[in-house]
Amino acid sequence: MPDLVLEIGTEEVPANAVVPALEQLRQLMEELLSVQRLSHGGVETLGTPRRLVACARDVATRQADAVVEIKGPPASVAFDAEGKPTRAADGFARRNQVDVGTLVIRDNYVYAEKREIGAPAVSVLARALPELFPALNFPKFMRWGEGLFRFSRPIRWILCLLGEEVVPFTVAEVTSGNVTMGHRVLGPGPHPVRTAADYFHVVRDAGVILSGQERREQIVQQGNTPSAEAGGHVIWDPSLLEEVTYVVEWPTAFLGRFSEEYLSLPRPVLVSVMKKHQRYFTLEGPDGRLLPRFLAVRNGGDFGLDQVREGNERVLAFRFNDAVFYDAEDRKTTLAEKRERLRRVVFLENVGSLYDKSVRLERLLATLCERLGRTADIPLARRAAALAKADLVSQMVIELPELQGIMGGEYARGDGEPAEVAEAIAEHYLPRAAGDPLPASFLGRLLSLADRLDTLAATFSLGLIPTGSFDPFGLRRHAAAVVAILAALPPLRQEDLLRLARRMLEEQGFAAIAARPVDQVVAELMGLLRSRLEAMLDEEGIRADVSAAVLAVGCNVVPEVLQRARFLQRQADSAPEVFNRVATVATRVRNIVRPTDASPPVGDLERLEHPTERDLAAAVQEREEIWRQMAARADWDCLWRSWDDLRPLIDQFFVDVLVMAEDPALRAARLSLLRALDDSFRSLADFSRVVVA
């Protein structure tokens, strides 16, 4: 059976959009072939910035036949009391071109079954494939010409072949055919393609490597050899390598040089200038220092490579000269002097300037140090907080925003600030994204935490709450960072921290935040932090039901939540039978006492009558204080064993005793006994949310 090849030729699609588009294209092609009843082998997608390609192997040349069911009138309408077809049945059969005797009854309705003969694959695909194009999603869309069609970039050609046959259709005024285009320089084209199988050879000969994986491997191979000869190695930044892979169709890597005098610039500046502005990789020597070399990747062959190298070196020198100027200008004033300029920089409308924020951060850090018993660190913490945002007005950070914090640390060291202060400033934007490390220093973690708490309190107090995909201030990312940092610090209550951050805003007298009550803001923020905590537990492999059970009884102290969740998941994995026994009995207790949560009855255990319930009451009274102590010191193993030891007596209690007795006093006593058990179980989790296998 023939292969199907679809090539969508475009202007250069941004590198970050190519891979997601290829994955979408693969899924859409598989769904399309399945829906159209076209059997096929594997579906593969390949792409470059100028083309998105889908190839389906061994596609049937004709649709499979199908039996189509058409729902008709109710059986009571289609047939009379004697079972004879009515005019309604005759009309339904006639409309669908079937004999009335072939109608079937199912679920009290009449159905007509028609056999649909499969159509030729080419005609089926010609109708279906145009619907695939608008189904592709991109970060940004363009319109071109006079049409309303949207795509990532203008479509310039479409190749679509099923074996030797062209699949004809038109999208955005471009008609499909059997012609492709090659590399803009190495083999522009047009290039006719005889069959789908020939397509891959044709584009290769035209200077296009379709496989992103192959292009990536070639870049690495071409870079490692000359860098080793130069006495160093390439620092393969994964995100940059991915970007470069998808901005070229035929990669050629080469080394370039720059003057050693630029090595006097801070390393982050050198790396950022080369990465952001030029898409260059840096080289490192055996001693871990940067070499005055760079690796660039050209989209094309090695013709005229010396001129290309010289041009790249010249442009990089201009960039570095700018960086030298910015650095020199920035060092003419200290961070403390730069801080005064923050008075003119708005943090958020209606909640003051960045200077106001730095004042709040000073007070927040001082309070956090007190609560953590680190009062000796307060002077350093206040200094770091005061200077943390000062680099935002530096020329270097204005030019290279990704260096915020990093340059603050560099300038703090240059100003003679204590090493702890400089390190905290440099780290306080960490983690910048999921997977990033946390700040390594204690002050860095505290400063990062305070910064994010202040941002969350300010935005939510103004009603700037993320909804759906709308999160312009990155508040979900800030919340995730808060949870991650709290997990690495000694126990702190989230709600207390949120109220503290809100109070700092109130004390600065911003009237705009008064419109949203403190309790409402804190509740909304607790919900956001809980959702991030759920995500953290999921990433750790905690079952969703276990996570829900743990969070249901409290999510205020992150380290304690993680400890409980990890313990419970460990029990579920290592001893599932015991886990199920404890969860079952705890769930039964919870289900009985839940209706009385709002107003728990206070019963006299002396009113208990049955020997089993008296034995259980004695056992609970004997263990109750011990259970509380175990929970307080998080000795979950001992508490778990104690529960399991008592489980047979609890099971027997439910066999021998009717909890909801008619006598109110007796009923209250029994509910009080179960409430004591429930309180102990809920010190770990709400087991009623656990799914018992």
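On a 1 Å grid over the protein atoms alone, a cavity is a set of points where a 1.4 Å probe fits but cannot get out. This structure, a predicted model, holds one cavity of 30 Å³ or more, where a volume is the space filled by probe spheres set on the points, with grid points joined across faces, edges and corners. In this predicted model, local features need pLDDT of at least 70 and side-chain atom pairs count only at pLDDT 80 or more, while totals for chains, interfaces and linings use all residues. Residues are numbered from 1 along each chain as its sequence is written, and side-chain values use heavy atoms, with hydrogens and water left out.

The largest cavity has a volume of about 60 Å³. Its lining (residues with an atom within 4 Å of a point) consists of Val273, His277, Arg319, Asp322, Ala323, Tyr326, Met396, Glu399 and Leu400. Helix 9 gives the largest share of this lining, four residues; helices here are DSSP runs (H or I, at least four residues) numbered from the N terminus.

Phe460 counts as buried because its relative accessibility is 2%, buried being under 20% relative accessible area with a 1.4 Å probe and protein chains only. Leaving aside residues up to four places away in sequence, Phe460 touches Ile465, Pro466, Leu475, Arg516, Val521, Glu524, Leu525 and Leu528, a contact being heavy atoms within 4.5 Å. The C-alpha atoms of Phe460 and Gly231 are separated by 53 Å, and these residues are 229 apart along the chain.

How values were computed
Buried means under 20% relative accessible area, exposed over 50%, partly exposed in between (1.4 Å probe, protein chains only). On a 1 Å grid over the protein atoms alone, a cavity is a set of points where a 1.4 Å probe fits but cannot get out, and a pocket is an open set with protein on both sides within 12 Å along at least five of seven lines; lining residues have an atom within 4 Å of a point. Helices (H or I, at least four residues) and strands (E, at least two) are DSSP runs, numbered from the N terminus.
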